[in-house]
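Please look over the sequence and the model before reading on.

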Amino acid sequence: MSLLLEDEEIDEYRDGSVRLRNPNIELMDQDILYHLALGSGSHDLVEMFGDIKFVCMGGTPKRMEQFANYIMAEIGHKLPAGTTLLDISQYSYRYSMYKVGPVLCVSHGMGIPSVGILLHEIIKLMYHAKVKDPVFFRIGTCGGIGVEGGTVVITEEAVDDMLNPYYEQHVLGQKVHRPTTLDRQLVRELKALVYSDDPYDTILGKTMCTSDFYEGQGRLDGAFCEFSEAEKNEYLAKLQEAGVVNIEMECTAFAALTHHAGIKAGVVCVALLDRFKGDQVCAPKEVLNEWQMRPQELVSRYIKRYLQRK
Ligand code: R2B
Ligand code: URA
């Protein structure tokens with residue numbers, strides 16, 4: 001059995017279909033997407049999701065509902081008369097999911113395990129729904145490294161907390177490394193959609209993914225801390241030296257699993273603070289809300305441009 005499924009595998013799905021790389025699924029009578037409260041036996045997934053072109057993920061249910069309303073206005077999508085936006089996965093009590101025409105807006109929770117489980121099920125959903133060439137975005141928040149709060153970061157390269165450009169998973173007691181490859185052209189296209197008169201900076205750089213918000217990100221303000229402020233700053237300076245501009249908690253799994261499925265994906269996050277200046281997220285709620293719109297604006301420009309060209 002090969003546990004190292006890497007880039008050299010032949011791409012059998014040249015028509016743009018989503019690659020499952022799991023022969024078991026086809027043999028199953030039905031596939032229950034447990035954490036989405038959907039299933040291939042219980043729902044007509046082609047009818048419900050066959051027109052999806054973009055899957056946008058972000059941490060919280062509220063932000064994704066807000067993004068769904070925002071993108072609806074931006075693309076001029078009209079819901080059928082008398083209906084409102086519905087959380088399709090509400091009865092999973094895990095993730096929230098809203099569909100606005102060709103855009104699926106899903107919350108992914110916090111951290112790699114949460115986004116990983118979601119990606120397995122969303123990738124299978126794309127497969128069952130026979131969606132072709134979807135583009136996935138993570139629209140998130142992060143800590144900046146020498147980067148002011150409010151700055152938008154487009155991830156050029158996702159690295160783990162040892163600065164490795166891969167996502168390490170343990171499968172059957174073995175380490176599996178999957179490259180965190182993000183689509184370079186998508187990065188360029190996103191960058192091209194930054195307007196010179198945007199009242200904030202948008203930068204490109206390496207994003208480091210950790211499995212903890214506190215000690216794992218070198219914070220001094222967790223329940224535990226066994227290093228000094230000088231050691232913290234030395235560590236951040238080392239990251240900066242290596243080209244890291246921001247830290248968050250999902251990008252390696254997001255980049256690796258989408259790449260493994262042959263899906264184009266991009267990560268756009270807004271920095272909530274410059275970690276050289278502090279650890280606590282102090283900006284007022286209204287300011288944070290305004291900042292969180294910024295990655296949404298950029299992704300919305302991308303989606304609108306795609307839909308206008310069609
Ligand atoms: C950014 O913000 C969350 C932690 O507050 C985490 O999901 C992330 O990646
Ligand atoms: N999200 C993170 O993971 N880290 C931060 O510092 C801010 C948001």
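Helices (H or I, at least four residues) and strands (E, at least two) are taken here as DSSP runs, numbered from the N terminus. The model is predicted, with local features needing pLDDT of at least 70 and side-chain atom pairs counting only at pLDDT 80 or more, while totals for chains, interfaces and linings use all residues. Residues are numbered from 1 along each chain as its sequence is written, chains are lettered from A and ligands numbered from 1 in the order in which they are written, and side-chain values use heavy atoms, with hydrogens and water left out.

**The pocket**

A pocket is an open set of points, on a 1 Å grid over the protein atoms alone, where a 1.4 Å probe fits and protein lies on both sides within 12 Å along at least five of seven lines; its lining residues have an atom within 4 Å of a point. The largest pocket has a volume of about 670 Å³, a volume being the space filled by probe spheres set on the points, which are joined across faces, edges and corners. Its lining comprises 28 residues, and Thr60, Arg63, Thr141, Leu272 and Gln292 are the ones nearest its centre. Two or more lining residues come from each of helix H3 (61-75), S6, S11, strand S12 (264-274) and helix H8 (285-309), and H8 gives the largest share, 6 residues. By class, the lining has 10 nonpolar, 11 polar and 7 charged residues, where Ala, Val, Leu, Ile, Met, Phe, Trp, Tyr, Cys and Pro count as nonpolar, Asp, Glu, Lys and Arg as charged, and the others, Gly among them, as polar.

**The two ligands**

Ligand 1 sits in the largest pocket, and ligand 2 sits in the largest pocket, in the sense that more than half of a molecule's atoms lie within 2 Å of the pocket's grid points. Around ligand 2 are Thr141, Cys142, Gly143, Phe213, Gln217, Arg219, Ile247, Glu248, Met249 and Leu273, each with a heavy atom within 4 Å of the ligand. Ligand 1 is surrounded by Met110, Arg138, Thr141, Phe213, Glu248, Met249 and Glu250.

The table gives polar contacts, which are pairs of N or O atoms within 3.5 Å.

| Protein atom | Ligand atom | Distance |
|---|---|---|
| Gly143, backbone N or O | ligand 2, oxygen | 3.5 Å |
| Gln217, polar side-chain atom | ligand 2, nitrogen | 2.8 Å |
| Arg138, side-chain N or O | ligand 1, oxygen | 3.3 Å |
| Thr141, side-chain N or O | ligand 1, oxygen | 3.1 Å |
| Glu250, polar side-chain atom | ligand 1, oxygen | 2.5 Å |

Taken alone, ligand 1 exposes 270 Å², of which the protein buries 80%; such areas come from the Shrake-Rupley method with a 1.4 Å probe. The shell around ligand 1 has 3 nonpolar, 1 polar and 3 charged residues.

For ligand 2, a polar side-chain atom of Arg219 lies 2.7 Å from an oxygen atom of the ligand. Ligand 2 taken alone exposes 240 Å², and the protein buries 93% of that. Strand S6 (135-144) and strand S11 (244-248) are the elements giving two or more residues to its shell, with the largest share, 3 residues, coming from S6.

Conventions
Polar contact = N/O pair within 3.5 Å; in protein donor to acceptor, adjacent residues only side chain to side chain.
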